[in-house]
Amino acid sequence: MSGYLLALDQGTTSSRCIIFDRHGNILSKVQREFAQIFPQDGWVEHDATEIWASQMGVAVEAMLALGATASDIAAIGITNQRETVVVWERDTGKPICNAIVWQCRRTAERCEQMKAEGLEQEIRAKTGLLLDPYFSATKLRWILDHVEGARARAERGELLFGTIDTWLIYRLTGGKVHATDPSNAARTMLFNIHTMQWDEELLRLFDIPSAMMPRVLPSAGLFGYTDARLFGGEIPIAGVAGDQQAALFGQCCFDAGDVKNTYGTGGFLLMNTGGRPILSKQGLLTTVGWQIGDRVSYVTEGSVFVCGAVIQWLRDGLGLIKNAADSERMASKVTDSAGVYLVPAFVGLGAPYWDAYARGTLQGLTRATNKYHIVRAALESMAYQTADVLAAMQTEAGTPISALRVDGGASANNFLLQFQADVLGKSLIRPACVETTAWGAATLAGLGVGVYSDVDELRREWRIDRRFEAEMSEDERTRLLAGWHRAVERTLGWGKDF
Ligand code: ADP
């Protein structure tokens, strides 16, 4: 039976493969870490060949573990770390240098310079993004400017550019297909999210030869077939989306107003805004969720820099807990945080504050404060930060949200989710399948080859693990949020004065 869906989930620290049946049951799962390369302070690189080898390795292992052959796999879906840049030779498929990873800050100065030239407004209007080193354009330009001969070769059409999805598609198809999808293209800062095409003016502005750009194909649909030598038969690659958009899709957030939050190391809140891109005044990003047929779903995105990472800090920095799961048990030992607020502005604050100089604080301490209050305040800070981003999103979208769907490592924490429901005054839904990113890629691929006829079929496969309902009174919620905002106020600008 050729009904399995194989998801390649190419993340920042590991390559994973999950094989699902059509109902979302996980049949096989393999993961492999690969090297992080830090050539200088603030620089981050990956070896694209190692990414390809690790991704291929886990795919083969996952198939072997299940005893599946190429003919058992209906389609492959790809989801990936976004914005990371690979440049390779068209003829040989060999990368000309290491991939520059989204985290890499080497082009910070270039971005500052472009901002000073007043270019941010135009770039923002076309791409929905902020002028920041995070996105691909300045990284790609850096390669063309710094790798010997790269620009001339790119202009002659000898070099190709791709984000990680494109790189994997190219290798999987034996160099036959050079393509991406709009959710990845939208993160390059070279793609116009209104015309849904590479933007000639932006390509000129960043000095990128258009000959090296991939074709942009819908997120669900045939991209190409795998080279028969790889898996012993051809398999269609039929779904592609960047990791956060894939998670939104995997959470069945198909309609305007649907929102998901991923509680990982950082937090990623994405809201589907339907066929309408909403440009934010509070520093949220506007991007493409996916394109199916000629229908585009737009998304508003906000991130929390330090989310689950605050729990890592309790463990590694303070030694207050042995493992992340301990935090739930400890927070539940006290009935409230007794007025203690922890603002984990360790690397500044993002939306809606945007203060690079904010630094963390622990406030409201008294002689009665104990470690349980501090652990509880840490978990609460994850919920407060999420509530701030969601409030900004709701105001701008003008769409009230019904329920927040949650995933990511820390969504296993029941205390956190109950508190989140309470401070939002909204229901939270944790799905049975928490592998939402891989499931999103798998189901896009399933739609692409007709395993599912439409998204309504996917809604029917959706299973809830648990719902969390708001139980807190309005007065209490207002009081707690006011305390949080006072605490945030005191962190702003702190690092600037020293
Ligand atoms: P990422 O994909 O960003 O690496 P994950 O989705 O795997 O992250 O989530 C890991 C993060 O979640 C870590 O920062 C960890 O501290 C946090 N975490 C994991 N389990 C729990 C838990 N039970 N309670 C609170 N935080 C948790």
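User: Taking a salt bridge to be a side-chain nitrogen of Lys or Arg within 4 Å of a carboxyl oxygen of Asp or Glu, how many salt bridges does the structure hold?

Analyst: The structure holds 33 salt bridges. Please note that this is a predicted model, in which local features need pLDDT of at least 70 and side-chain atom pairs count only at pLDDT 80 or more, while totals for chains, interfaces and linings use all residues. Residues are numbered from 1 along each chain as its sequence is written, and side-chain values use heavy atoms, with hydrogens and water left out.

User: Which side chain meets Arg 187 in a salt bridge?

Analyst: The partner of Arg 187 is Glu 83, at 2.8 Å from N to O. The two residues are 104 apart and link distant parts of the chain, with Arg 187 in the loop between α7 and β10 and Glu 83 in the loop between β5 (73–80) and β6. The helices (H or I, at least four residues) and strands (E, at least two) are DSSP runs, numbered from the N terminus.

User: Are Arg 187 and Glu 83 buried or exposed?

Analyst: Both Arg 187 and Glu 83 are buried. Buried means under 20% relative accessible area, exposed means over 50%, and partly exposed lies in between (1.4 Å probe, protein chains only).

User: And where is Arg 430, and what does it pair with?

Analyst: Arg 430 forms a salt bridge with Asp 465, with their closest N and O atoms 2.8 Å apart. Arg 430 is in strand β22 (residues 427–431) and Asp 465 in strand β23, 35 residues apart, so this pair also links distant parts of the chain. Arg 430 counts as buried because its relative accessibility is 8%, whereas Asp 465, at 44%, counts as partly exposed.

User: Changing topic: how many residues are in the largest nonpolar core?

Analyst: The largest nonpolar core has 75 residues, and those with the most contacts inside it are Leu 190, Phe 206, Ile 208 and Met 212. Helix α15 (residues 436–449) supplies the largest share, six residues. Apart from this core lies another, of 57 residues, among them Leu 269, Leu 349, Val 375 and Leu 424. A nonpolar core is a set of buried Ala, Val, Leu, Ile, Met, Phe, Trp, Tyr and Cys residues joined through side-chain atoms within 4.5 Å.

User: What does Leu 190 touch?

Analyst: Not counting residues up to four places away in sequence, Leu 190 touches several residues, including Ala 137, Leu 140, Trp 198, Phe 206 and Ile 208.

User: Which residues make the nonpolar surface patch?

Analyst: The patch, of about 540 Å², is made by Phe 305, Trp 313, Leu 318, Phe 346, Val 347 and Trp 354. Patches are made of residues with over 30% relative accessible area and no salt bridge, where like charges are joined within 9 Å and nonpolar side chains (Val, Leu, Ile, Met, Phe, Trp, Tyr) within 5 Å. Accessible areas come from the Shrake-Rupley method with a 1.4 Å probe, and for residues only the protein chains shown count as cover. Trp 354 is in the loop between β19 (341–343) and β20 (361–363), and counts as partly exposed because its relative accessibility is 42%.

User: Where is the cis peptide bond in that loop?

Analyst: The cis bond joins Ala 351 and Pro 352, with omega about -5°. Pro 352 lies in the loop between β19 and β20.

User: Finally, what is phi of Met 189?

Analyst: Phi of Met 189 is near 75°, a positive value in a residue other than glycine. Met 189 is in the loop between α7 (182–185) and β10 (191–192), and is buried, with a relative accessible area of 1%. Most residues other than glycine have a negative phi.

How values were computed
Contact means heavy atoms within 4.5 Å.
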